Amino acid sequence: MVLLTGATGYVGGRLLPRLQEAGFHIRCLARRPADLNDVIDTNTEAVFADLLDPDSLSTAMHGGDIAYYLVHSMGSSDAFVEKDRQAAQNFGSAAREAGVKRIVYLGALGDEMSELSDHLRSRQEVGRILRESGVETIEFRASVIIGSGSLSFELVRALVERLPVMVAPRWVAVPTQPIAINDLLAYLLAAATLPAGSSRIYEIGGADQIAYGDIMQEYARQRGLRRLIIPVPVLSPRLSSLWLGLVTPVYARVGRKLIDSVRSPTVVTNPAAREAFPIRPMGIQAAVAQAIAREDREVATTRWSDAVSSSGDRRDWVGVRFGNRRIESRAATVAATPAEAFAPIAQIGGDTGWYYGNWLWKVRGFIDLLVGGVGVRRGRRDPKRLRIGDAVDWWRVEEFVPNQRLLLSAEMKTPGRAWLAFDVESNGNRSTIRQTAIFDPVGLQGLAYWYLTYPIHRLIFARMLDGIAAVVEERSLRHD
């Protein structure tokens, strides 16, 4: 049995179907198992487990043979090093007690003797903690991952597509050794069948050692674009992260940690992986070509923002006392079937927008970015289809019933928890669309936020519903 963490994230979500195709019995450990209902097969189960809750791990890991550790706390708003440390300690202890034979861990490249960022050093500390658990641990250390939907590729794509001239900090000249997602997955899959032995560390990377700026230029070349990169000597991580947040899907909290990390060289110095695996990774040209080919199909199988952790740690709400829930609801009746009425709702966000006041939402997203939130640039995985767990701009799909219900939970910074729900019901030969905004305020600050923003939210949500109804009516007339 394979125990898989991170199945709702980018790498774990790509590894899951490969493990299924290889015939493994798989148990996915997730804080929100329902997010995996659409991607697991009959030989796979999804169970609740929280790496910061040892009791949940001991139950979930019982009977496992190989455990993949593909999670991190990079998206957490604070104390991510301590959270990563605690999660690794809990996981290692639970694996040992459950009799797990091997842990496979994806960490990060970087010279341990140099001045690494907190993120890179934390990734390597996690590997050490897992090895010290006494369970055989195979640790892969990788640098930039090139693939459709990956954090690095989305950043490169957004920068190159949107900026003919880039004023870039010095880190664009730092050497790295990017690896294609398919090659990374090949290593992870092969680790399941390695001969038993002691714990090992394998440094893995593609065929080329290049600078970050060269990755951007290679993308531009394959897109037929001419781009000028002008390095500047001083651009603080804070300013750089805000700059990334304005022009890319990477919001400031993640961008700050990313920039801190890319200032260190991340190249392969130990050839052990080449000797242990019959895998010959591709170079940057082929890796970018594969990523572009997939991206051109509009839909990436998984994206870095799919992981719940990419929005920050909602465990922050544990133990918080909320005030009385505030609910505002309205309805519109349209001359259409439920399927026709629900269609524009299923396409909300991303390039489609929010049917009213898109510029106001962008302003709200910019404010969110400044205070460390997710901003507005995550977009959607698929412009037409949704599934539970998808990121939709600054929201997350919490519940989705085709042609009936969409429930979005907010991941922007607010003094409380917020949801936006759409329900469609048949009403004879017509359909009723009900829109409900829900807010759980935290103390007086939360109540003040609700009442101060209520007038503009009431306007925006009412006009949004009017816009959805107008689209439904227009499409209905077009079909007639």
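R380 is buried, with a relative accessible area of 12%, where buried denotes under 20% relative accessible area, exposed over 50% and partly exposed the range in between (1.4 Å probe, protein chains only). The model is predicted, so that local features require pLDDT of at least 70 and side-chain atom pairs count only at pLDDT 80 or more, while totals for chains, interfaces and linings use all residues. Residues are numbered from 1 along each chain as its sequence is written, and side-chain values use heavy atoms, with hydrogens and water left out.

R380 lies in the loop between α13 (358-370) and β15; helices (H or I, at least four residues) and strands (E, at least two) are DSSP runs numbered from the N terminus. The C-alpha atom of R380 is separated by 9.7 Å from that of T352, a residue 28 positions apart from R380 along the chain.

For the chain as a whole, the secondary structure comes to 14 helices and 19 strands. Of its 480 residues, 57% are buried. Among contacts (heavy atoms within 4.5 Å) between residues at least 6 apart in sequence, 75% join residues at least 24 apart.

Six strands form an open sheet in the order β14-β19-β18-β17-β16-β15, with antiparallel pairing; two strands pair if DSSP finds at least two bridges between them. The edges are taken by β14 (326-334) and β15 (391-392), each of which has a single partner strand, so one side of each is left without a neighbour in the sheet. Helix α12 (residues 338-346) packs on this sheet and touches β14, β16 (395-401), β17 (405-410), β18 and β19. The direction of α12 makes about 155° with that of β18, where axes are lines fitted to C-alpha atoms, for helices over the stretch in contact, and angles run from 0 to 180 degrees between N-to-C directions. Within the sheet, β18 (residues 416-427) and β19 (residues 430-441) run antiparallel and are joined by twelve bridges. N427 has R430 in β19 as its bridge partner.

Helix α1 (residues 10-21) packs against helix α6 (residues 181-190) at an angle of about 60°, with their axes 10 Å apart. The two helices are therefore oblique to each other, given that angles under 35 degrees count as roughly parallel, over 145 as roughly antiparallel, 65 to 115 as roughly perpendicular and the rest as oblique. On the α1 side, Y10, V11, R14, L15, R18 and L19 meet I181, N182, L184, L185, A186, L188 and L189 of α6. These contact residues divide into ten nonpolar, one polar and two charged; Ala, Val, Leu, Ile, Met, Phe, Trp, Tyr, Cys and Pro count as nonpolar, Asp, Glu, Lys and Arg as charged, and the others, Gly among them, as polar.

Nine of the twelve residues of α1 are buried, so this helix is largely enclosed by the rest of the structure. The buried residues of α1 are Y10, V11, G12, G13, R14, L15, L16, L19 and Q20. After α1 comes G23, whose phi is positive, near 90°.
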